[in-house]
Amino acid sequence: MDLKNLYRDVIVDHNRSPRNFRQIEPPRREADGFNPLCGDKLHVYLRVSDDRIEDAAFEGSGCAISVASASMMTEFLKGKTEAEALDLFERMHELLTGEEADLNELASLGKLAALSGVRQYPSRVKCASLCWHTMKSALSGGDAVSTE
C-alpha cells in the first residue's frame, strides 16, 4: 500500500468535499474543539441512540488535514457503539503519535490509515487529532477541547 499517495489523495478529496459538514438536529451530543497553534475550530455533533452512533457531523474551519480528518471520522463513526468509538479514538491516537504503524492495524482502519502520513509532520498531528479529541469530549459530556 502506497501510503504517501493515499495520504495525499484522501486528504485532498476530503478537504475539497467534506462529508457530513452540517449540523445534526437535537437531541444530540456536541463539543467544540480549537487548535490555537493554527486556528482550527471544529464543532462535532453526534446523535446517539441505544449506545449506538446513528449520525455524526461537524462544522468549522481549519486546514486541509483538520477538515479531512473530521470528514473521515464522521463517516467511520456511523453505526459504531460508544465503546467502539472510544476504542477508535485510542487507535487513532496511537496511529497519529506512535512510533511505527502495525500493518494489520492500518488495514483494519481502511482509509483512516491514510492519516498515518501525518506522523511525518509533527506540527500537523494536532490538526489531525483535534476532531478525535472533540468527538471523545462530545461522548463524555461536551466540554470544549483545546490542543494546547
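Helices (H or I, at least four residues) and strands (E, at least two) are taken as DSSP runs and numbered from the N terminus, and two strands pair if DSSP finds at least two bridges between them. The model is a predicted one, so to speak of a local feature takes pLDDT of at least 70 and side-chain atom pairs count only at pLDDT 80 or more, while totals for chains, interfaces and linings use all residues. Residue numbers start from 1 along each chain as its sequence is written, and side-chain values rest on heavy atoms, with hydrogens and water left out.

Strand 1 (residues 29-35) runs antiparallel to strand 2 (residues 40-49), with 7 bridges between them. Gly 33 faces Leu 42 of strand 2 across this pairing. The hairpin here has 4 residues between the strands, and Gly 39 shows a positive phi near 90°. Strand 2 also pairs with strand 3 (residues 52-61), again antiparallel, through 9 bridges, and His 43 sits opposite Glu 59. That hairpin has 2 residues between its strands, with Asp 50 in the turn at a positive phi of about 50°.

Now for the rings. Rings of Phe, Tyr and Trp (its six-membered ring) pair if their centres lie within 6.5 Å, with planes under 30 degrees apart called stacked, over 60 edge-to-face and the rest tilted. That rule gives 1 aromatic pair: Phe 21 and Phe 58, edge-to-face, at 5.1 Å centre to centre and 80° between the planes. The partners are 37 residues apart, Phe 21 in the loop between helix 1 (3-16) and strand 1, Phe 58 in strand 3.
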